[in-house]
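Dear colleague,

Please find the structure below, handed over for your reference. My findings follow it.

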Amino acid sequence: MSVKAYGAREGTRPLEPMTIFRRQPGCDDVQIQIAFCGICHSDIHQVRSEWAGTLYPCVPGHEIVGRVIAVGSHVPHFRPGDLVGVGCIVDSCRHCQDCAEGLENYCDQLTMTYNGPSADAPGHTLGGYSQQIVVHQRYVLRIRHPESQLAAVAPLLCAGITTYSPLRHWQTGPGKKVGVVGIGGLGHLGIKLAHAMGAHVVAFTTSDAKRDAAKALGADEVVLSHHAAEMEEHARSFDFILNTVAVAHSLEPFIALLKRDGTMTLVGAPATPHPSPEIFSLIAKRRTLAGSMIGGLPETQEMLDFCAEKGIVADIELIHAGQINDAYERMLKGDVHYRFVMDNATLEP
């Protein structure tokens, strides 16, 4: 079946309207009418071939929320009318140790929501900048937020789980001092989540103008990362630091803030590598520099339920499909508070 979409035909061209094809739902499939799709910074990297391996036409979008319109005969837990979401994953091998443990995000045969291998035309997956999507039931998530919050829920499917997973894995909670580096699409949710988990949250920013905004999000303290005296006040004091910055920068000043056995986890994915940190700052205090990538399906559902319970959604700017190229340019300038979300109803001329 044909549906309207927005995508890129090559890396040097802007996104444009196009028609794509979705398979008819099989016995294990869920067909979803997409209401909203979040705009992720990784969409830009993929569309513009800044990460290797982009397949064209490229239809981005992996922060998908909408309503079920049909289900296959073997789908017991969803029915037409349900509010659901689809994140970064639409398939995996389903039998490796990672899949068995609900960590499909680390499966070696992970299929991403777009730009992954697929038996469907055109031979690779096409994402959420489209009217509909058909997904195996395993990779569909239930939305329990009020429908009025649906657009602001969309970024939770990537930005939310990207920050929630490391906060949970490294046991953020009461009695822990947690830093969040960067107050953007990822960072603003990191602050909200760490605060809701009961941690003492310190936000790091390069902009003095963001102090009040960070505190409104839930930060207990705000530090200017280029202010040496403010940084020194927190030396050797953090249990955990979540670094959300998606541009290459020096990690050394933040590693120095970790206490013994503290961890800094990187979740931002820059187009060029960070400078290598000084090894002695790690070994002297048995500090850890780590990475984390989204989350598996059980943890993503846990995150969505936690956010529904705590009233957490993203701070968004809603756009129509024809604004997507302008939104990309604004994202590159940091001109968004804090996440763009597409109204997919505007894909219809």
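**Helix H11 and its surroundings**

In H11, the buried residues include Ile 324, Ala 327, Tyr 328 and Met 331. Viewed down the helix axis, the buried residues of H11 lie within an arc of 105°, so they line one face of the helix. Please note that the model is a predicted one.

After H11 comes Gly 334, which has a positive phi, near 75°.

Asn 325 also belongs to H11, which spans residues 324–332. Asn 325 is partly exposed, its relative accessible area being 24%. Leaving aside residues up to four places away in sequence, Asn 325 touches Pro 14 and Leu 15. Between Asn 325 and Asp 82 there are 31 Å in space, C-alpha to C-alpha, and the two are 243 residues apart in sequence.

**Helices H4 and H5**

The axes of helix H4 (residues 159–169) and helix H5 (residues 187–196) come within 9 Å and cross at roughly 45°. That angle makes H4 oblique to H5, and the crossing is right-handed. On the H4 side, the contact is made by Ala 159, Gly 160, Thr 163, Tyr 164 and Leu 167, and on the H5 side by Leu 189, Gly 190, Leu 193 and Ala 194. By class, this contact has six nonpolar and three polar residues, and no charged ones.

Yours sincerely

Note on methods:
Residues are numbered from 1 along each chain as its sequence is written. This is a predicted model: local features need pLDDT of at least 70, side-chain atom pairs count only at pLDDT 80 or more; totals for chains, interfaces and linings use all residues. Side-chain values use heavy atoms; hydrogens and water are left out. Helices (H or I, at least four residues) and strands (E, at least two) are DSSP runs, numbered from the N terminus. Buried means under 20% relative accessible area, exposed over 50%, partly exposed in between (1.4 Å probe, protein chains only). Contact means heavy atoms within 4.5 Å. Axes are lines fitted to C-alpha atoms, for helices over the stretch in contact, and angles run from 0 to 180 degrees between N-to-C directions. Angles under 35 degrees count as roughly parallel, over 145 as roughly antiparallel, 65 to 115 as roughly perpendicular and the rest as oblique. A crossing is left-handed if the near helix is turned anticlockwise from the far one by less than a right angle, and right-handed if clockwise. Ala, Val, Leu, Ile, Met, Phe, Trp, Tyr, Cys and Pro count as nonpolar, Asp, Glu, Lys and Arg as charged, and the others, Gly among them, as polar. The arc is that of the directions from the helix axis to the C-beta atoms.
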